[in-house]
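Open the structure in your viewer and keep the sequence panel beside it. Each stop below tells you what to select and what is there.

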Amino acid sequence: MGFSLVGATAIIGVSLIIALEIIIGTTVPTITNVHDSFDKMRNRAIEQVQTDINITSVRTLVNGSDHDINITIDNTGSITLETEDFDILVNGTSYSFTSSKSYLHPKNTVYFNVSSLKGTGIRRLKVITNNGISDYYEFNIT
Amino acid sequence: MGFSLTGTHVVFFISSVIIAGAVSGVIVAVVTDVSNSFSERGERVKNQLDLEFDIINDPDNIPISGNYYLFYLKNTGGAEIATSNETFSIFIDGELLSTVNYYFSDSSTKIDEVTTLYVLNTEVSTGDQSLLVVGPLAVEDEFSFTI
């Protein structure tokens, strides 16, 4: 009877150790992964709060029968922005653009050029940063 | 008498080993299942935290191309998004659109990139409306606009 009890206890004990190893082996990496993703999400939220831009002026230039525009944007936030990840909408439509610099540091200015806008009249400009922060500006093409 | 006592002990020993083995098997199997489910759930939570997108249109100027209104979705999260009418559901003013009435310009959208969502113009009326875009793992963004 005593030997049976020892044998059974040993078998259950080994299985409990195996179960514990399985729990630790899956729980720790899962919690680490979720923590990493949560950390990144928190950083993205912090960066969004710290991001702000201001369109200070839009200059129109005649380009044949069309117009080019030169947009001046100030980084009024406190993080550096990558200008290639910006998006520019004129009257709601996305346009490709060139920029005067790749990185827009805080308290710095960048110039964007959008070419070959057709027609004249008031246009509404929206500039969006890489993390979705935007600013609007209305200008007139004469 | 002595031999029957030994036989009884052997029977007890074998039965206790069988019962302990069965209990151990159940414990290990249950713990493995629960751990796997926890791991899968953790993976889904991780993916959910990584997914984020914004509709970046100008709400007063929704562009139109042929028979489709164009909505721009920017990937502002930390992972590439599979953008198709199977992974995304679109609601306009609360009504779910059929998958034949919209499509995306790209099958996947990398971080910081923009994809265009084409919505058939017969699904969009005039006036103030709301567009709800529900992506993978129920990550969503709502956008109010005027046509």
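Strands here are DSSP runs (E, at least two residues), and helices are DSSP runs too (H or I, at least four residues), both numbered from the N terminus. Two strands pair if DSSP finds at least two bridges between them. Chains are lettered from A and ligands numbered from 1 in the order written, and residues are numbered from 1 along each chain as its sequence is written. This is a predicted model: local features need pLDDT of at least 70, side-chain atom pairs count only at pLDDT 80 or more, and totals for chains, interfaces and linings use all residues.

**Stop 1: a hairpin in chain A.** Select residues 121-128 and 134-141 of chain A. These are strands S9 and S10, which run antiparallel and are joined by 8 bridges. A:Ile128 stands opposite A:Ser134 in S10(A). Now pick A:Gly132. In this hairpin, with 5 residues between the strands, A:Gly132 takes a positive phi near 90 degrees.

**Stop 2: an open sheet in chain A.** The order is S1-S2-S8-S6, 4 strands with antiparallel pairing. Strand S1 (53-63) and strand S6 (98-99) of chain A are at the edges with a single partner strand each, so one side of each has no neighbour in the sheet. Select S2(A), residues 66-75: S1(A) pairs with this strand over 10 bridges, antiparallel. The bridge partner of A:Asn54 in S2(A) is A:Asp74.

**Stop 3: the nonpolar core.** Such a core is a set of buried Ala, Val, Leu, Ile, Met, Phe, Trp, Tyr and Cys residues joined through C-beta atoms within 7 Å. Buried means 20 or more other C-beta atoms within 10 Å of the residue's own, with C-beta atoms placed from the backbone. The largest core has 35 residues, and A:Ile71, A:Val127, B:Phe71 and B:Val119 have the most contacts inside it. S3(B) gives the most to this core, with 4 residues. Centre on B:Phe71. Leaving out residues up to four places away in sequence, B:Phe71 touches B:Ile55, B:Asn57, B:Leu117, B:Val119 and B:Leu131. Contact means C-beta atoms, placed from the backbone, within 7 Å.

**Stop 4: where the chains meet.** Chain B brings 36 residues to the contact and chain A brings 37. On the chain B side, H1(B) gives the most, with 21 residues.

**Stop 5: the domains of chain B.** Colour domain 1 (1-50) and domain 2 (53-146) separately. The bounds come from an automatic or database domain assignment. Over C-alpha atoms, their centres are 50 Å apart. Their contact takes 4 residues from domain 1 of chain B and 5 from domain 2 of chain B.

Terms used. Contact = placed C-beta atoms within 7 Å. Buried ≥ 20, exposed ≤ 12 C-beta atoms within 10 Å, placed from the backbone.
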